[in-house]
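Dear colleague,

I am passing on to you the structure we spoke about, with the sequence and the coordinates together. Please keep in mind while reading that the model is predicted. My notes on it follow below.

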Amino acid sequence: MATSTPGDILLDAGTNELEILVFRLNQGFFGVNVAKVREVILGRKPTESPGRNANVFGMINLRGVLVPLVDLRATLGLPPTSADELTQRRVIVTEFNGLTTGFVVDTVDRIHRVSWSQIKNVPDVNELSGIPSSAVSSCTGVIELDDELVLMVDFESIADGITDIEGLHIQSVDNPDGIDRAKHSVVIAEDSPFMRHTMERVLRDSGYENLTVVSDGIAAWNAVEASIDADPISVIITDIEMPQMDGLHLTKRIREHAEFVNLPVVLFSSLVSDDNRKKGEQVGATMQIGKPDLARLVHIVDLLAAGRIEDAKAA
């Protein structure tokens with residue numbers, strides 16, 4: 001298995017590759033996309049913060065940034081980390097959705113460069129002996145590395161449960177442009193169960209009735225291909241991180257098919273950054289929106305579904 005260093009960034013768009021930082025909790029192996037990791041530090045004693053979530057030890061000052069210190073063990077339903085153990089643990093500091101968060105883990109293994117095609121959807125809980133169902137339900141995929149099963153943690157849903165991320169908890173979005181939302185077909189590709197259900201709920205409550213909701217890029221591509229002999233798709237919304245095929249590779253494949261050259265594709269991801277924005281442009285994404293702005297997402301989908309692409313880009 002090829003490995004790499006944290007500073008080795010995957011620059012080519014649409015390769016369907018990623019780098020995974022593998023870490024341990026209890027006796028299990030878990031992973032996070034390196035693109036979400038700011039750094040790994042040694043555990044330290046935090047400052048108590050009032051009104052904190054039960055799984056947050058407190059706050060640490062990381063070079064002028066106040067960072068909540070989260071007990072990932074307890075969050076996943078594993079035996080919690082005691083405060084006395086903190087200085088012997090490692091902290092994975094993540095950045096996504098505009099949040100900087102420190103997750104306390106037992107140990108950090110190493111970084112693996114892999115293909116998204118190697119990451120499978122999470123199997124039935126009973127097939128993963130020794131790992132509680134609460135941990136499995138908080139994961140988005142599983143991969144075998146060095147003869148060990150590694151579960152990819154759904155950090156987005158965990159972060160929301162701790163901080164109640166603004167922008168995700170809305171009921172519906174107004175329709176000032178008067179778009180006939182019910183007649184448009186929209187595909188949603190999102191690996192996080194939490195985000196998938198949230199996006200579907202908001203779009204449906206906003207009037208989008210014809211939704212196809214899938215959990216990986218392969219399923220999204222199958223839905224796109226099937227539309228050739230069925231009702232045309234108005235807009236595709238896709239995450240970047242997904243098992244089997246990521247959103248960049250999905251977009252690249254769509255653009256390479258003559259039938260779908262002009263099909264609007266929106267990358268809706270916590271990884272929309274300057275580097276990834278360039279990648280999205282390279283593969284032909286129509287729009288790129290950083291999570292968690294669901295209200296803006298629905299407005300952009302309105303404009304794209306109505307064929308107002310320039311208005312969408314200016315919005």
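Helix α5 (residues 217-226) and helix α6 (residues 247-256) cross in the right-handed sense, their axes coming within 9 Å of each other at an angle of roughly 20 degrees. Since angles under 35 degrees count as roughly parallel, α5 is therefore roughly parallel to α6. On the side of α5 the contact is made by Gly217, Ala220, Trp221 and Val224, and on the side of α6 by Leu250, Arg253 and Ile254. Sorted by class, these contact residues comprise five nonpolar, one polar and one charged.

Turning to the strands, five of them form an open sheet with mixed pairing, in the order β3-β6-β7-β5-β4. The edges are held by β3 (37-42) and β4 (56-62), and because each has a single partner strand, one side of each is left without a neighbour in the sheet. On average, and with direction ignored, neighbouring strands of this sheet are turned by 30 degrees against each other.

With strand β2 (residues 28-33) it runs parallel, joined by three bridges, whereas with strand β9 (residues 139-145) it runs antiparallel, joined by six bridges. Which residue of β10 is the bridge partner of phenylalanine 29? That partner is valine 150, and valine 150 is also the bridge partner of isoleucine 143. Strands β9 and β10 form a hairpin with two residues between them, and in the turn aspartate 146 has a positive phi of about 50 degrees.

Finally, on charged side chains, the structure holds 17 salt bridges. One of them is formed by arginine 73 and aspartate 106, whose closest N and O atoms are 2.8 Å apart. This pair links distant parts of the chain, with arginine 73 lying in helix α1 (residues 72-75) and aspartate 106 in the loop between β7 (99-105) and β8 (107-115), 33 residues apart. In general, side chains of opposite charge can pair when their charged atoms come close.

Definitions and conventions
Residues numbered from 1 in each chain as written. Predicted model: local features only at pLDDT ≥ 70, side-chain atom pairs only at ≥ 80, totals over all residues. Heavy atoms only, no water. Pairing = 2+ DSSP bridges. Helix = DSSP H or I, 4+ residues; strand = E, 2+ residues; numbered from the N terminus. Axes fitted to C-alpha atoms, helices over the stretch in contact; angles between N-to-C directions. Parallel < 35°, antiparallel > 145°, perpendicular 65-115°, else oblique. Left-handed = near helix turned anticlockwise from the far one by under 90°. Contact = heavy atoms within 4.5 Å. Nonpolar A, V, L, I, M, F, W, Y, C, P; charged D, E, K, R; others polar. Salt bridge = Lys/Arg side-chain N within 4 Å of Asp/Glu carboxyl O.
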